[in-house]
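Please read the numbered points with the sequence and the model in view.

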Amino acid sequence: VLHFQPQVAATTGQLVGFEALVRWQHPERGLLMPAEFIGIAEQSGQISEVGEWVVRAACAQIRAWKRAGFAFGHVAVNVSALEFRNHRLVDRLTRAMSDFDVRPHELEIEITESLLMKDAENIVARVKHLRSTGVHISIDDFGTRYSSLSYLRRFSVSRIKIDQSFVRD
């Protein structure tokens, strides 16, 4: 299932978008968080199917909100490292956006800082390719590795999300 967590501007409290958070409603164990099943999906080779379902479900929600006249801003979707390296990712995103009449500025793809640190040259090319479609890219969990802000200039990202360990206290 998808849960949509509001994103608000810190200065005004105004809604700027949502983050689509995937959960697994297990028949016996209840609601499971991603840490309990994403690794299994990656190891079993099913992460692409999970990721495609998440993108399509998020795009379907965007279409429903637009039809209802709800000003939602954008919807951010997390993409696993394995999905991000998949050469079909752009095709899947653009197909889902077309099927649900989603405009590029309405969808944001989140990748983790750790993904950027591995195979940076290929990741830069992949980010540029995604950005060429108009989709926004954000970096999640920034500060958990050894990136610097100057290093991030190589990547054409729209937003940086600071890891919670920096702001929790």
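Is Trp-65 buried or exposed, and at what relative accessibility? Trp-65 counts as buried, at 14% relative accessibility. The points below place this residue in its setting.

1. The model is predicted. Its secondary structure comes to six helices and eight strands. Along the sequence, these elements follow the pattern β-β-β-β-α-α-β-α-α-β-α-α-β-β.

2. Burial and surface. The protein has 169 residues, of which 40% count as buried. Where contacts join residues at least 6 apart in sequence, 64% of them join residues at least 24 apart.

3. The nonpolar core. The largest nonpolar core has 36 residues. Those with the most contacts inside this core are Cys-59, Val-75, Val-77, Phe-84, Leu-107 and Ile-109. At least two residues of the core come from each of S2, H1, helix H2 (47-68), strand S5 (75-78), helix H4 (89-99), strand S6 (107-112) and helix H6 (120-132). H2 gives the most, with seven residues.

4. The surroundings of Val-75. Leaving out residues up to four places away in sequence, Val-75 touches Phe-4, Phe-18, Ala-20, Ala-58, Ile-62, Trp-65, Glu-106, Leu-107 and Glu-108. Three of the residues named there, Phe-4, Phe-18 and Trp-65, return in the next point.

5. Aromatic pairs. The count comes to six aromatic pairs. One of them joins Trp-24 and Phe-37, whose ring centres are 6.1 Å apart with 75° between the planes, an edge-to-face arrangement. Trp-24 lies in strand S3 (residues 24-26) and Phe-37 in the loop between strand S4 (30-32) and helix H1 (38-44), so this pair ties together parts that are 13 residues apart in sequence. Trp-24 is partly exposed, with a relative accessible area of 39%, whereas Phe-37 counts as buried at 9%. In the pair of Trp-65 and Phe-72, the ring centres are 5.7 Å apart and the planes stand at 35°, so this pair is tilted. Phe-72 counts as buried, at 4% relative accessibility, and Trp-65 counts as buried at 14%. One aromatic cluster is formed by Phe-4, Phe-18, Trp-65, Phe-70 and Phe-72.

6. A buried charge. Which side chain of opposite charge is nearest to Arg-23? That side chain is Glu-19, which is 7.8 Å away. Arg-23 is buried yet has no salt bridge; a salt bridge requires the nitrogen and oxygen atoms to be within 4 Å. Arg-23 is found in the loop between strand S2 (15-22) and S3. Apart from neighbours within four places in sequence, Arg-23 is in contact with Val-1, His-3, Leu-31, Leu-32, Met-33, Pro-34 and Phe-37. Phe-37 is also the partner of Trp-24 in the edge-to-face pair.

7. Salt bridges of Glu-52. The count of salt bridges comes to five. In one of them, Arg-92 is joined to Glu-52, with the closest N and O atoms 3.7 Å apart. Arg-92 lies in helix H4 and Glu-52 in helix H2, so this bridge ties together parts that are 40 residues apart in sequence. Arg-92 counts as buried at 18% relative accessibility, while Glu-52 is partly exposed, with a relative accessible area of 25%. Glu-52 also meets Arg-95 in a salt bridge of 3.7 Å, N to O. That pair links distant parts of the chain, since Glu-52 is in helix H2 and Arg-95 in helix H4, 43 residues apart. Arg-95 is partly exposed, with a relative accessible area of 41%.

8. The side chains of Asp-99 and Arg-56 form a salt bridge at 3.0 Å, N to O. Here too distant parts of the chain are linked, with Asp-99 in helix H4 and Arg-56 in helix H2, 43 residues apart. Asp-99 is partly exposed, with a relative accessible area of 42%, and Arg-56 counts as partly exposed at 26%. Through salt bridges that share partners, Glu-52, Arg-92 and Arg-95 are joined into one network.

Note on methods: Residues are numbered from 1 along each chain as its sequence is written. This is a predicted model: local features need pLDDT of at least 70, side-chain atom pairs count only at pLDDT 80 or more; totals for chains, interfaces and linings use all residues. Side-chain values use heavy atoms; hydrogens and water are left out. Rings of Phe, Tyr and Trp (its six-membered ring) pair if their centres lie within 6.5 Å; planes under 30 degrees apart count as stacked, over 60 as edge-to-face and the rest as tilted. Helices (H or I, at least four residues) and strands (E, at least two) are DSSP runs, numbered from the N terminus. Buried means under 20% relative accessible area, exposed over 50%, partly exposed in between (1.4 Å probe, protein chains only). Lys and Arg count as positive and Asp and Glu as negative; His and the chain ends are not counted. Contact means heavy atoms within 4.5 Å. A nonpolar core is a set of buried Ala, Val, Leu, Ile, Met, Phe, Trp, Tyr and Cys residues joined through side-chain atoms within 4.5 Å.
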